[in-house]
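Colleague: Could you walk me through reading helix packing and nonpolar cores in a model like this one?

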Amino acid sequence: MPFSAFPCFSVLLRSSLMQDKLITSSHLSTDLEDLIHKANDLIRAAKAPSIRKAYQSDFRIFESWCTAHGLASLPSAPQTIALYIASCVVARLAPATIARRLASISKAHQAAGFEESPASTKHFVVGEVLKGARRTLGVAQKCKDPLVLNDICRLLAACPKNLRALILIGFAGAFRRSELCAMSVSDLCFSDSGLLITVPRSKADQEQAGERVAIVFGEHKDTCPIRALRQWLKAANVKESPVFRGVDRHGHVASTGLHRDSIAAIFKTAAARSGMNATNIAGHSVRAGMATQAALNGSSERAIARTTRHKSRRILRRYIRPGEMFRENASAALGL
């Protein structure tokens, strides 16, 4: 049975209602049908579209693998999962990718009404094979190159003027691609102290509690993010959402915002134009670069986290450590 955004929830809910004798008729009332549709909508809203897409893709891959080997995919068995992990190791998949695929298999089983997932590490064979996979492959994650201040200056010198605000605001505020694309004029609050940007929703704030990022005026007018943003808003005549938009070769500003995938392409193109190796540059590079540069300049973890909005200091330190490796290095005290 294919797994697509919890497809069987409606069937399960109907059968549960019948089994629990909450209804006696074989036909649900219109009100209950409406509530089932609403419940399905809420289940879909529980995960970001990108996560749902990843779950669906991962489970389709698992289904295909099971079919090719004559094994059952739903419900599956711990022994099957162990063999699947082994095949992932043979394919040299990253441990993080394997873990995500196991999570997708678990979600599919939960959605199908199976209380215990065969992909759970509670099963001895699954847990041990997964440990072996992590030791075999290593768990170090490949990170995108951070764009620090010197890199940002090179990008600004090589890119069109209409991209200056995007690069500088992205860097100064450590914004994610999705946050830059969703940024609205109504989210901006200019003052004598600087700029306050409201982020209504983000990767770490899916329930839309809202977060705010403060950006101060730059020391140099050519690299001041606030000045660049004001210039962009005026030049493009942007008075309402979205803030960042595409501009065609004739200088026409689009009425719609940038797509998140275009952010990475913009940074890659700008890096290549500046003579940098753009292979490992992505939309995340400015966010990582802000944390790295701030650490190089002596900012505390607390101050950096206030801007990056990292909930985990462990994750934040992945960006900070490269900046601190030479600033606080014991080999400098050896007298060599």
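Predicted model: local features only at pLDDT ≥ 70, side-chain atom pairs only at ≥ 80, totals over all residues.

Colleague: How should I describe a pair of packed helices?

Modeller: Two packed helices are described by the angle between their axes and the distance between the axes. Here, the axes of α4 (residues 78-90) and α5 (residues 95-111) come within 11 Å and cross at roughly 150 degrees. Angles over 145 degrees count as roughly antiparallel, and α4 and α5 are therefore roughly antiparallel to each other.

Colleague: Which residues make the contact of α4 with α5?

Modeller: From α4 they are I81, Y84, I85, C88 and V89, and from α5 they are I98, R101, L102 and I105. By class, that contact has 8 nonpolar, no polar and 1 charged residues.

Colleague: At roughly what angle do the axes of α12 and α13 cross?

Modeller: The axes of α12 (residues 285-296) and α13 (residues 301-308) cross at roughly 160 degrees and come within 10 Å. α12 passes α13 in a right-handed crossing. R287, M290, A291, A294 and A295 of α12 meet I304, T307 and T308 of α13, a contact with 5 nonpolar, 2 polar and 1 charged residues.

Colleague: And the cores: which residues touch the most other members of the largest nonpolar core?

Modeller: In that core of 54 residues, they are I169, F175, M183, L229, W232, V243 and F244. Take L229: beyond its neighbours within four places in sequence, L229 contacts A165, I169, L188, F190, L195, V243 and F244. Another core, of 20 residues, lies apart from the largest one and includes C66, I85, L102 and A108.

Methods. Residues numbered from 1 in each chain as written. Heavy atoms only, no water. Axes fitted to C-alpha atoms, helices over the stretch in contact; angles between N-to-C directions. Helix = DSSP H or I, 4+ residues; strand = E, 2+ residues; numbered from the N terminus. Parallel < 35°, antiparallel > 145°, perpendicular 65-115°, else oblique. Contact = heavy atoms within 4.5 Å. Nonpolar A, V, L, I, M, F, W, Y, C, P; charged D, E, K, R; others polar. Core = buried A, V, L, I, M, F, W, Y, C linked by side-chain atoms within 4.5 Å. Buried < 20%, exposed > 50% of the residue type's maximum accessible area, 1.4 Å probe, protein only. Left-handed = near helix turned anticlockwise from the far one by under 90°.
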